[in-house]
Amino acid sequence: MDFSTTIYDSTQHDNFYPPASTGQALSASEITSFISEILSTLELEKLGEIYFRQLNGFFSLAGLSLSDLDTRWVYGNAKLSSTLVAIPLPGVTSQEGKQATAHYYFAVPLSLSERNALEQLHELFAKQVAQAQSFLRLHQMTTKDVLTGLGNRSGFDQALIRQLGWAQRHEEGFSLLVIDLDNFKSVNDSHGHREGDNVLVHVASQLQQVLRDEDEAFRFGGDEFCCLLDCQTQFQLECAASRIQLSINQSSYLRRMNVSCSLGGAIYREGDDTGKLFDRADAALYKVKQSGKNSYLAA
Ligand SMILES: Nc1nc2c(ncn2[C@@H]2O[C@H](COP(=O)(O)OP(=O)(O)OP(=O)(O)O)[C@@H](O)[C@H]2O)c(=O)[nH]1
């Protein structure tokens with residue numbers, strides 16, 4: 001992603017103003033929240049805060065205020081006059097695939113050193129965004145299960161720690177479901193490993209369909225899945241478990257493969273750590289497996 005700054009010299013581009021492709025005019029605060037929103041979808045809110053703090057710092061050093069700033073955003077390169085800064089917006093493209101760009105227009109001309117300072121600010125910002133994005137990519141690679149696209153065991157461990165921290169700080173409950181497929185080995189044995197993989201992908205997509213937005217599913221490993229659920233009571237947890245079980249039992253593909261699932265559930269209790277909570281759910285799952293599979297039990 002090119003997040004570089006283009007500084008236009010108003011004296012050289014006067015003929016091009018107003019630019020034909022200039023987009024909607026936005027107020028400074030609108031463009032600020034627009035950029036913040038985009039950074040937030042990239043999970044870079046903190047970086048956005050730092051950037052705007054630095055930009056504001058620059059304004060006050062240069063004796064400018066936000067009212068000296070007019071902003072527009074356009075797709076692709078616009079030929080501009082009186083424009084000093086153009087910031088390509090990450091992740092926003094037009095239908096033709098052109099990247100959107102935020103252009104800051106200043107009502108007053110800036111000196112050379114002020115332009116240099118702005119350029120440096122944006123170069124630094126561009127580097128920070130690039131670094132943060134490669135960190136995010138790396139993080140996704142290490143926390144996602146390649147086969148199903150769900151979070152993997154490491155993703156689950158991190159999410160569980162986060163969820164426990166949240167529950168302890170806000171005294172809000174949540175639940176854990178541990179799900180193990182029944183008779184999965186025979187899919188591999190009778191239909192081959194590739195069909196076994198298809199079953200895992202199918203189960204993952206069933207889970208994603210059945211779960212609510214605030215809930216999250218992970219592939220813990222092999223044919224075992226975990227769900228972190230926004231369920232505070234045994235009744236809510238039982239409802240979620242039976243929704244999952246029903247969707248797996250009603251899938252004609254999984255029925256054909258003779259695959260069902262066993263589920264063990266546990267609700268967060270005060271004093272729980274990750275081990276205690278997981279062990280309760282796992283013990284419940286073990287009981288289900290021992291007593292004939294394809295059922296649900298809460299600890
Ligand atoms: N196709 C495929 N198979 C896998 C993968 N990971 C683990 N397995 C297989 O999954 C099987 C899991 O074993 P079990 O859970 O004991 O098999 P099961 O038939 O479900 O046994 P029950 O849980 O008692 O019903 C093993 O045969 C593993 O080789 C994978 O990524 N793809």
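**View 1. The start and course of helix 4.** In this predicted model, a side-chain oxygen of N152 comes within 3.0 Å of the backbone nitrogen of S154 at the start of helix 4. Helices (H or I, at least four residues) and strands (E, at least two) are DSSP runs numbered from the N terminus. Helix 4 covers residues 153–170, 18 residues in total, and spans 25 Å from its first C-alpha to its last, close to the 26 Å expected at 1.5 Å a residue. The expected span is 1.5 Å times one less than the number of residues in the helix. Its buried residues are G155, F156, A159, L160, L164, G165 and A167; buried means under 20% relative accessible area, exposed over 50%, and partly exposed in between (1.4 Å probe, protein chains only). An α-helix has 3.6 residues a turn, so residues three or four places apart point the same way. Just after helix 4, E171 adopts a positive phi of about 50°.

View 2. The ligand is surrounded by 16 residues, of which N183, K185, D197, R219 and K289 are the closest; a residue is counted here if one of its heavy atoms lies within 4 Å of the ligand. The side chain of K293 places an N or O atom 2.9 Å from an oxygen atom of the ligand. Of the 660 Å² of accessible area that the ligand has on its own, the protein covers 66%. Accessible areas come from the Shrake-Rupley method with a 1.4 Å probe; for residues, only the protein chains shown count as cover.

**View 3. Composition of the ligand shell.** Strand 5 (175–182), helix 5 (184–191) and helix 6 (193–210) are the elements that give two or more residues to the shell. Helix 6 supplies the largest share, 4 residues. Sorted by class, the shell holds 3 nonpolar, 5 polar and 8 charged residues. Ala, Val, Leu, Ile, Met, Phe, Trp, Tyr, Cys and Pro count as nonpolar, Asp, Glu, Lys and Arg as charged, and the others, Gly among them, as polar.

**View 4. S260 in strand 8.** Strand 8 comprises residues 260–267 and includes S260. S260 counts as buried because its relative accessibility is 11%. The side chains of S260 and D182 are joined by a polar contact of 2.8 Å. A polar contact is a pair of N or O atoms within 3.5 Å; within protein, one must be able to donate a hydrogen and the other to accept it, and residues adjacent in sequence count only if both atoms are side-chain atoms. Beyond its neighbours within four places in sequence, S260 is in contact (heavy atoms within 4.5 Å) with D180, L181, D182, N183, I248, N249 and N294.

**View 5. V187 in helix 5.** V187 belongs to helix 5 and is buried, with a relative accessible area of 1%. Setting aside neighbours within four places in sequence, V187 is in contact with G192, E195, G196, V199, M257 and V259. V187 and V259 are 72 residues apart in sequence, yet their C-alpha atoms are 8.1 Å apart in space.

**Notes to all views.** Residues are numbered from 1 along each chain as its sequence is written, and side-chain values use heavy atoms, with hydrogens and water left out. Local features need pLDDT of at least 70 and side-chain atom pairs count only at pLDDT 80 or more, whereas totals for chains, interfaces and linings use all residues.
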